[in-house]
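Biologist: I would like to go through this model and ask what stands behind the words used for it.

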Amino acid sequence: KHRSRRLELRPAPMAVFTHPLTGQTCRLDVIDLSGCGFSVIEEPQEAQLLPGMTLDDLELNLSDSLSLRCQAQVVHCMTDNPAGNGQLRRGLAILDMTITDHTQLMALLHRAENRRKGVCPYIDVDKLWEFFFDSGFIYPQKYRSLQEYRREFRQIYSKLYGRAPEIARHFVYQENSRISGHL
């Protein structure tokens, strides 16, 4: 009912996997991508993907230096040309992916959609505290109650935002280094 919005990235990522029936390595261009799935194109004479087929160790090559692993399943097969001589579009759902890889994927997709959005980006802790004060999250009364422990709070925030992405997630809207939204 509410399908995830898919983005067309440039350069196009590539899906690399070992075909479960033939054992051959397949490389297909990814046409569009979301946090839940993606589409690839096959030529009719080279078509190898069947609806329902599970690809246990698929690698999404987003660039030469960034690739993410997942388990995916072919959920639909369509032709771009009703006459039957066009390319075949295959829709794949991501079934399983590590949290770290999924966070990297979502970070890339959010940045591609709007360069000011960020999923777990690096945040200057001084700018974060400035945002907390400017937004009213930390107000004078609250600050007085925290003042005695401010050094410890700054250390904790430095760890959460700089060194512990496995246990924390944050979403930020920022223009250059000025934070205008935080969750």
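**Burial, helices and rings**

Modeller: Phe-132 has a relative accessibility of 4% and counts as buried. This is a predicted model, in which local features need pLDDT of at least 70 and side-chain atom pairs pLDDT 80 or more, while totals for chains, interfaces and linings use all residues. Residues are numbered from 1 along each chain as its sequence is written, and side-chain values use heavy atoms, without hydrogens and water.

Biologist: Why is Phe-132 called buried?

Modeller: Buried means under 20% relative accessible area, exposed over 50%, and partly exposed in between, with a 1.4 Å probe and protein chains only. Phe-132 has 4%, so Phe-132 is buried. Phe-131 has 15%, and therefore is buried as well.

Biologist: What makes Phe-131 and Phe-132 an aromatic pair, and why is the pair called tilted?

Modeller: Rings of Phe, Tyr and Trp (its six-membered ring) pair if their centres lie within 6.5 Å; planes under 30 degrees apart count as stacked, over 60 as edge-to-face and the rest as tilted. For Phe-131 and Phe-132 the centres are 6.4 Å apart and the planes 50° apart, so the two rings pair and the pair is tilted.

Biologist: Why is the pair of Tyr-157 and Tyr-161 called stacked?

Modeller: The angle between their planes is 5°, with 5.9 Å centre to centre, so this pair falls under stacked. Both tyrosines are buried. They lie four residues apart in helix α4, about one turn of the helix. Helices (H or I, at least four residues) and strands (E, at least two) are DSSP runs, numbered from the N terminus.

Biologist: Which residues form the aromatic cluster?

Modeller: Trp-129, Phe-131, Phe-132, Phe-133, Phe-137, Tyr-143, Tyr-157 and Tyr-161 form one cluster.

Biologist: How do you know that the buried residues of α2 are on the same side?

Modeller: In α2, residues 125–135, the buried residues are Val-125, Leu-128, Trp-129, Phe-131 and Phe-132. They cover an arc of only 155° around the axis, which puts them on the same side of α2. The arc is that of the directions from the helix axis to the C-beta atoms. Their cover includes α4 (150–162) and β9 (178–182).

Biologist: Why does Phe-38 count as buried?

Modeller: Phe-38 has 0% relative accessibility, so Phe-38 counts as buried. Phe-38 is in strand β3, residues 37–42. Its contacts (heavy atoms within 4.5 Å), not counting residues up to four places away in sequence, include Leu-58, Leu-60 and Ile-94.
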